[in-house]
Amino acid sequence: MRTLRLYARDLRVGLPSVRPYLVAALVLGVVHGIAAAGNCAYSGNDLSSFTFADYVALTFQFANPVDLWLLIQGRPLTITFPWFFSFAVLFAATLEYPRADLLGAGYRGVVASGSRWAWWIAKCAWVCTVAAAFWVLLFAGLILTAWAFGAQASEFMSEFAMIMVPASSSTRYPGMSMVPLMLLTVPICASMMLVQLAVSVRVERMPGYLLCMGVFFASGMVEHPLLLGNYLISGRSAGAYVEGLPMNDGLALSLAVAWIAVAVGGLLVSRMTIYGGSRDE
Amino acid sequence: MSELIVREAEKTVRGIKVLDGVSLSCSSGQIVGLCGANGSGKTMLLRAITGLMYLDRGFVEYDGKRLGRDIDFVPHGGVLIENPAFLGRYTAVDNLRFIAAMSDGVDMEHIRRCVAAVGLDPDDRRRYRQFSLGMRQRLGIAAAIMGRPRLVVLDEPTNALDESGFDLMGRIAADIRRRGAMAIVASHDPDVLRCMADEIIRMKDGRVIECETVRRAGAVGPAGADATSVPRPSARRYAREVPAL
């Protein structure tokens, strides 16, 4: 009950701090949609030939993993920066509030609740809620933009987009679904945000943020099943390509990371000194 | 009958011993004052008493339950530690509503009464960020006494308050005794503690250096005035304007 009360308070009090980021999610969805439409138009095919799934795939596309041999030969390193934007914004959304709350007005709520674990679990739930809300809004903006450009309402990629999206797999079958990737966005991002939360309440905010962005940067550069960001790259997703990373593996890994972050973070919070009253919020 | 016991409290923070063998006890109806200069360990001791900080050695027990082992925090406690610290975009009443939502039995009427009791207007629509320092401090005191807590912890409660703050402290002390609650009050000003506390513990460098028992009948208030004498005109006017707790 006290965890629910703390969570309800977090939803009410923490919302103003994340509202700009949720608005940014919607805007990012629209911007990604316009960029994807531009790619589709540049391909020379009619825009109505593309599907909603194509727009998602183009949004989550990333260059092929780094090939050291090619690098040695002098081939330039390709980094798909737009892929990082959404994650950079999302991870920043939950940087401020939890720590500020603990150092400021929220310490009374912790004392009144009687339980440090209740405070921690409520904050974890709040972080997961923000992650879910962010992706719902981003996909809403993306799908609406795709619809505005005449895309077909289908979860399956078209053969045109299959050619456009970089993929390390040589086996490509048209008609693969982007739903697995879309479904994985929330658990994978939430698990990384829980790691960030555990680091930020104990240390400082930026190390946690840099750690999460570092994992995603490494994911972009290296295709490996233990680097969570790989599951959110369309060219490496088993939903789109037969030899891609299985959705179940991504889900299991993200849940494992989340549990570890919640457990370790909770243990840290349960013993740390709470310097509440240090600042106003 | 509740009892708070602190035994041989020790705590080191970043290589500095902030508490060094501190012991005290407080029971229902009693108010203990902590007096000492800045850095003497008063605030750290208050953090340990409330459960915001756990000790390296020694223990804090409330009704036989040990903090950090049996319970995380003192149950039914009201706390003002360091700065008042509230949500800047909300009014006084709304800020207290957020805190009251964590526990049962605190309704809007009680919240408004607490706000009025510390000299603030419950209908004031100004946001906390527009408050003066004195108003912020008063709201912090209101949050600490809201909900009729069994243990009230106040850290430098008269900071930024005008002379009516002494009267407010006196009324809070009377209310705590009447309810059979207990309080730990820290202040660098011994006059503040003499108008509230039954016992004053002086601290220096994290240690207790002196204990003084304050006799209630002959307690001396500020500026040498007897606490039982007629209050100063300004304080008396303030007492008439503010409803009782």
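1. In chain B of this predicted model, the side chains of B:Glu156 and B:Lys42 form a salt bridge, with N and O 3.8 Å apart. A salt bridge is here a side-chain nitrogen of Lys or Arg within 4 Å of a carboxyl oxygen of Asp or Glu. The pair links distant parts of the chain, 114 residues apart: B:Glu156 is in the loop between strand S7 (151-155) and helix H5 (164-179) of chain B, and B:Lys42 is in helix H1 (residues 42-50) of chain B. Helices (H or I, at least four residues) and strands (E, at least two) are DSSP runs, numbered from the N terminus. Both B:Glu156 and B:Lys42 are buried; buried means under 20% relative accessible area, exposed over 50%, and partly exposed in between (1.4 Å probe, protein chains only).

2. As to the basis of the note, residues are numbered from 1 along each chain as its sequence is written, and chains are lettered from A and ligands numbered from 1 in the order in which they are written. In this predicted model local features need pLDDT of at least 70 and side-chain atom pairs count only at pLDDT 80 or more, while totals for chains, interfaces and linings use all residues; side-chain values use heavy atoms, with hydrogens and water left out.

3. A second salt bridge joins B:Asp162 to B:Arg138 (3.2 Å, N to O). B:Asp162 is in the loop between S7 and H5 of chain B, whereas B:Arg138 belongs to helix H4 (residues 133-145) of chain B, 24 residues apart. B:Asp162 is partly exposed, at 48% relative accessible area, but B:Arg138 is buried, at 8%.

4. B:Glu212 and B:Arg194 also form a salt bridge, their closest N and O atoms lying 3.6 Å apart. B:Glu212 is in strand S10 (residues 207-213) of chain B and B:Arg194 in helix H6 (residues 190-194) of chain B, so the pair ties together parts 18 residues apart in sequence. Over all chains, the count comes to 27 salt bridges.

5. The contact (heavy atoms within 4.5 Å) takes 31 residues from chain A and 34 residues from chain B. A:Arg5, A:Arg108 and A:Val111 supply 24% of the area that chain A buries against chain B, more than any other three residues. Buried area is the accessible area (1.4 Å probe) that two parts lose on being put together, summed over both.

6. A:Pro16 lies in helix H1 of chain A. Leaving aside its neighbours within four places in sequence, A:Pro16 is in contact with B:Arg89 and B:Tyr90.

7. The structure holds zero disulfides over all chains, a disulfide being a pair of cysteine sulfur atoms within 2.5 Å. For A:Cys189, the nearest cysteine sulfur, that of A:Cys212, is 9.5 Å away. A:Cys189 is buried, at 0% relative accessibility.
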